[in-house]
Each structure stands twice: as C-alpha cells, then as structure tokens.
Amino acid sequence: MPINQIQDSDTAKCINSCLSCARICIETLHYCLDQKGTAYSGKLLALLQFCSDACNLSAKLMIAESEFHHQACELSFQLCDTCAVECARYEGDDVIEMCAEACRDCAEACRGMAGMTVRMPYHERVERDRGIGARM
C-alpha cells in the first residue's frame with residue numbers, strides 16, 4: 001500500500017497510536033526511575049517496557065504490511081490495557097495518568113486491528129501447508 005493511502009486509514013491511525021504510546025511508556029518509565037523517594041511497583045516498570053516494545057513491534061509490522069501485524073496488535077492491545085489499569089493505581093500523578101490515557105487509546109486502536117486475527121493451531125497450519133504443497 002503506498003504511503004499516501006496509509007495516511008488516512010485505520011492502519012495509519014493505529015500506527016500513530018502505537019508509536020505515541022511506545023514513546024510515552026518509555027518516557028514514563030524513565031520518569032518513574034528518576035523519582036527519588038517514590039516507590040513504583042516492579043510490575044508497573046515492567047509493563048511500561050513491555051508495552052513500549054509491543055507497540056513498536058506492532059507499528060513496524062503494520063508499516064511493513066506484514067501478515068503478522070494482527071497478532072502483534074492483539075498483544076499490544078492486551079499489554080496496553082493491562083498497563084493502563086496498572087497506571088490507574090497511581091492517582092494524582094499527571095505523568096502516569098497521561099500514560100494511562102495513551103495506553104487506553106492505543107488499546108482501542110489495536111483492538112480493532114487485532115479483531116481480524118484468525119487463530120489456527122500450529123498442527124492445522126502444517127497439515128494445511130502440506131496439503132497445498134502436495135496438490136501442486
């Protein structure tokens with residue numbers, strides 16, 4: 001898909017949401033690490049990193065028009081949703097509240113992209129691929 005077609009699509013919106021969320025999660029992680037005398041849970045710190053990584057992967061796969069982007073978006077949806085819930089535990093912290101909002105927005109965008117995921121167990125894919133190869 002040419003770049004100009006991607007710009008107005010749901011895919012473009014999801015890419016932008018993923019890239020924004022990835023950036024905000026990393027900024028929030030560094031913010032948490034820089035705070036003196038404030039205890040942020042290890043769970044929050046890990047989720048911020050995982051969420052950022054998943055969002056970056058989703059964006060890269062969508063940009064590359066990879067057949068695997070739906071699965072990556074499903075993972076991003078789950079991590080963003082979980083990260084937003086964990087961030088919500090830190091009420092009154094504007095930075096973390098902004099991160100929670102970005103995670104919720106990204107989760108919603110990724111949910112739409114992941115909705116197209118078709119799950120097929122590995123052994124069924126192997127059998128399917130063998131059948132296709134045998135017919136050729």
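**Reading the core and the salt bridges**

Reply: Let us begin with one helix: the cover over the buried residues of α3 includes α2, α4 and α5. Please keep in mind that this is a predicted model.

Me: Which residues of α3 are buried?

Reply: The buried residues of α3 are Leu44, Leu47, Leu48, Cys51, Ser52, Ala54, Cys55, Ser58, Ala59, Leu61 and Met62. As for its geometry, α3 has 22 residues and reaches 32 Å from its first C-alpha to its last, close to the 32 Å expected at 1.5 Å a residue. Just after α3, Glu65 takes a positive phi of about 55°.

Me: Which residues touch the most other members of the largest nonpolar core?

Reply: A nonpolar core joins buried residues of nonpolar type through side-chain atoms within 4.5 Å. Here the largest such core has 35 residues, and Leu48 and Cys103 touch the most other members. Two or more residues each come from α2 (10-34), α3 (42-63), α4 (69-87) and α5 (94-114). The greatest share is that of α5, with ten residues.

Me: With which residues is Cys103 in contact, leaving aside its neighbours within four places in sequence?

Reply: Beyond those neighbours, Cys103 is in contact with Cys21, Cys25, Cys51, Cys80, Cys83 and Ala84.

Me: How many salt bridges does the structure hold?

Reply: Side chains of opposite charge can pair when their charged atoms come close. The structure holds four salt bridges. One of them joins the side chains of Glu27 and Arg23, at 3.1 Å from N to O. These two residues are four apart in helix α2, and therefore about one helical turn separates them. Glu27 is partly exposed, with a relative accessible area of 40%, and Arg23 is likewise partly exposed, at 45%.

Me: Which residues are linked in a network of salt bridges?

Reply: Lys43, Glu86 and Arg89 form such a network. Between Glu86 and Lys43, the closest N and O atoms are 3.9 Å apart. Because Glu86 lies in helix α4 and Lys43 in helix α3, this pair ties together parts that are 43 residues apart in sequence. Between Glu86 and Arg89, the closest N and O atoms are 2.6 Å apart.

Me: Is Glu86 buried or exposed?

Reply: Glu86 counts as buried, because its relative accessibility is 4% and the cut-off for burial is under 20%.

Key
Residues are numbered from 1 along each chain as its sequence is written. This is a predicted model: local features need pLDDT of at least 70, side-chain atom pairs count only at pLDDT 80 or more; totals for chains, interfaces and linings use all residues. Side-chain values use heavy atoms; hydrogens and water are left out. Buried means under 20% relative accessible area, exposed over 50%, partly exposed in between (1.4 Å probe, protein chains only). Contact means heavy atoms within 4.5 Å. The expected span of a helix is 1.5 Å times one less than its number of residues.
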